[in-house]
Amino acid sequence: MKQPYNPTLWNLYSTCRYLRHYKPPHDVAERKINDYVKVEGFWLKGGFDTIRDFIAVDDETNDGETVKSDNPNTPDLLWAKHPRMAVVGIDVENVSGKQLYSIPVEWIPRLAVREDGLFVLKPFEFCCREILVRSKTQLVRCQSLTISNKYYVDKHYFHVGSGDCDEDSSEIEVFAATHLYVGLKSIMRHFATGLYVNMGEMLMALDCNEENLNYYHKEVSREESTTTVIYTVIKKKGMFIRKYLAHIVVCKNCIRYLEDFLTLLDQSVENHPFPSHDELDCDGYNYLGLPIFRYILDADFDSLAAKAYYGVIDGQLNTGCDYVDAFMNTYAIKHV
């Protein structure tokens, strides 16, 4: 089949015994969707022009009905008639409000929208996917399904905070004494390796507006058979460093620097002037012993991601990546 990822055809894979064998895998590579089915008579009313994209599922229509098995080996089995299709509402040029498309519910965890407006299925399932369900009253955080090419995208792209996913709670868990909200799962993965000594102090330093973090500029001079390495200490503000870290964890190009950047930050607080992180007023500690706050965050996800990405720019260089490249090429890990 030229386009096996057709919404209508996909539905038939599960209901037609002859087509079931042709159902393609969707966890191997990113798949572009070429066929679209528009929705008429949507159960959720409104123009939706003042909100972000959304995915909605009607779990009330046909609720309680059953479907008879089409398997000749189990002819007496009855299956619950769960919703097979969902509705995606996105902004489309020259369309007032949202354009509504029908997709199989099986696509929901993997669905994203490219900047050119085409749907894609990612080879992984996103966590924290927000879905409007007809039978529930929900507090949702505004998320655009369109993902810019500049962002680093993995299964935790939509995750806010540093804690675990919890579909039953609107609370998030964030590092105390910092103002970072997105991309924190990448930081937690690195912290969990055990390679960093001063994790609590590193986080506390990010909220400091005094120049007391030690970064080192390395110079190497060679004279005949002698090599001399000189480290020059340059003081940095924690809030200055935080902007770089915020950019790195959301940027597709700069995420490669995260391990070395955290090593530089760990090194900068070796002789730190900060109070012990366990003296910080907080709501508790995570599994790594780091102080955290728990609260409901009233914020737009797209704004959080954009602020993290662009916050490092102060007008001197062209892009945030230029700043990070210059920083990582200037400061060195000190080897004593």
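Which residues are linked with Arg52 in a network of salt bridges? Asp300 and Asp302 are linked with Arg52 in this network. The model is predicted: local features need pLDDT of at least 70, side-chain atom pairs count only at pLDDT 80 or more, and totals for chains, interfaces and linings use all residues. Residues are numbered from 1 along each chain as its sequence is written, and side-chain values use heavy atoms, without hydrogens and water.

A search of the whole structure finds 13 salt bridges. A salt bridge is a side-chain nitrogen of Lys or Arg within 4 Å of a carboxyl oxygen of Asp or Glu. One of them joins the side chains of arginine 134 and glutamate 60 (3.7 Å, N to O). Arginine 134 lies in the loop between β10 (132-133) and β11 (171-175) and glutamate 60 in the loop between β3 (54-57) and β4 (66-68), so the pair ties together parts 74 residues apart in sequence. Helices (H or I, at least four residues) and strands (E, at least two) are DSSP runs, numbered from the N terminus.

Arginine 242 and aspartate 207 also meet through their side chains in a salt bridge (3.3 Å, N to O). This pair links distant parts of the chain, 35 residues apart: arginine 242 sits in helix α4, aspartate 207 in the loop between α3 and β12. Arginine 242 is buried at 15% relative accessibility. Aspartate 207 is partly exposed at 31%. Buried means under 20% relative accessible area, exposed over 50%, and partly exposed in between (1.4 Å probe, protein chains only).

Helix α5 is largely enclosed by the rest of the structure, because eight of its eleven residues are buried. Among them are Leu258, Phe261 and Leu262.
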